[in-house]
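Please consult the sequence and the structure shown below.

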Amino acid sequence: MPPVIPLGREALEDREARDLAPFAARSRDSRGRARPEPDHPYRPRFARDRDRIVHSTAFRRLESKTQVFIIDEGDHYRTRLTHTLEVAQVGRTAARALGLNEDLVEAVALAHDLGHAPFGHAGSEALEECLRGHGGFEHNRQSLRVVDLLERRDPRYRGLNLTFEVRESILKKKPAPAGGTPLPQDFDPRAAPLLEAQLVDLADEVAYLAHDLDDAVRSGILPDRAVRELELGRRAEHLAGERHGDDPPRRARVSALIELLVTDLVEATAARLARERVRSTADVRAFGGRLVGFSGDVARAAAELKERLFESVYRHWRVMRMWRKAKRFVTALFTAHVEAPDTLPPEWRRWADECGLERAVCDYVAGMTDRFAQQEFERLFHPFEKP
Ligand code: MG
């Protein structure tokens, strides 16, 4: 038997150069890290960044952060961690089919929600209001702040020291609204995001459309017949019916929905890249607009589903109760610490000296899990609780 020779980083980079599409990002072409480091013997740069994200504290906290449904309602609903893993899975499948860089897609997908506050969008909305007049809060920008400043892996510097491409893609995955969470100066606002970043935005959409619909049906908030009124609901049922016969199980309809969305995403994107003659990352950067996306048909059907989720699920009175409560809760935590900075743990007081009180308290509260926020609330407001 011939000896087994492990694949080194350079061999893997050669493989990327050979096998990826010409418009994909390549680790070898990365602009590198703010603090230069020697390359790893067998991991290309984006793969190394992905591993740093997986090993971060903020990543582990995703387990106890709410997606849409409050975790206490049952163990089968999605949390931010399972949502994140679904985004990474959808993203990798589509990246492989399109010849894009899977390591980069996976790194960005795993980091994309690190900046979300506890209690889902309600918590983030509370911080947006608290930070008005203090520089603002926006969760994509906060995700970048987490990997750039709040995580610690080396006592000599703050952050994970990720490559430029991963950091930029975390930030630019979504066309960002103006204002909210200050930005580092090193990004060109005119340059369009890499295809890998654009893909994570769509993978996020595929994942949440499918799982929010599934969670809504499971919880009884949305009846089956309402799903059949939707174009995507009908199409998914039809596809699942071809495999499972009439009245396919809910699980089969969810996989069918993901499959038809991902298939459309891959085919429509491939057609658009060919039509626009995109041949390099420079072409991607210079293109005015997004290249990764659904076909017109499916985009319209996805918009219909989104609207339905908005009206019937995200605004359902049971969800709204938790939403209002969560906002009050997060606002109370923020206000309590800003009014009495001497209640902050010492490392956060030092951080407040460096970057300002409101910003530091926002970082502290945004990083909390739902569980920690509940405990903190009791410690601060319950008269007989140990501080
Ligand atoms: Mg997400």
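Over the ring of which residue does the charged end of R379 sit? The charged end of R379 sits over the ring of F372, 5.2 Å from its centre; the criterion is NZ of Lys or CZ of Arg within 6 Å of the ring centre and within 35 degrees of the ring normal.

The model is predicted, with local features requiring pLDDT of at least 70 and side-chain atom pairs counted only at pLDDT 80 or more, while totals for chains, interfaces and linings use all residues. Residues are numbered from 1 along each chain as its sequence is written, and side-chain values use heavy atoms, leaving out hydrogens and water.

**Charge over a ring**
- R158 also places its charged end over a ring, that of W351, at 3.9 Å from the centre.

**Aromatic pairs**
- The structure holds 7 aromatic pairs (Phe, Tyr or six-membered Trp rings with centres within 6.5 Å; planes under 30 degrees apart are stacked, over 60 edge-to-face, the rest tilted).
- The ring centres of F164 and F187 are 5.5 Å apart with planes at 35°, so this pair is tilted.
- This pair links distant parts of the chain, 23 residues apart: F164 lies in helix α8 (residues 164-172) and F187 in the loop between α8 and α9 (195-219). Helices are DSSP runs (H or I, at least four residues), numbered from the N terminus.
- Both F164 and F187 are buried (under 20% relative accessible area; exposed is over 50%, partly exposed in between; 1.4 Å probe, protein chains only).

- F377 and F381 form a tilted pair, 4.7 Å centre to centre with 35° between the planes.
- Both residues lie in helix α18 (residues 370-381), 4 residues or about one turn apart.
- F377 is partly exposed at 25% relative accessible area, and F381 is partly exposed at 41%.
- F119, F329, F377 and F381 are linked into a cluster by ring pairs.

Conventions: Helices (H or I, at least four residues) and strands (E, at least two) are DSSP runs, numbered from the N terminus.
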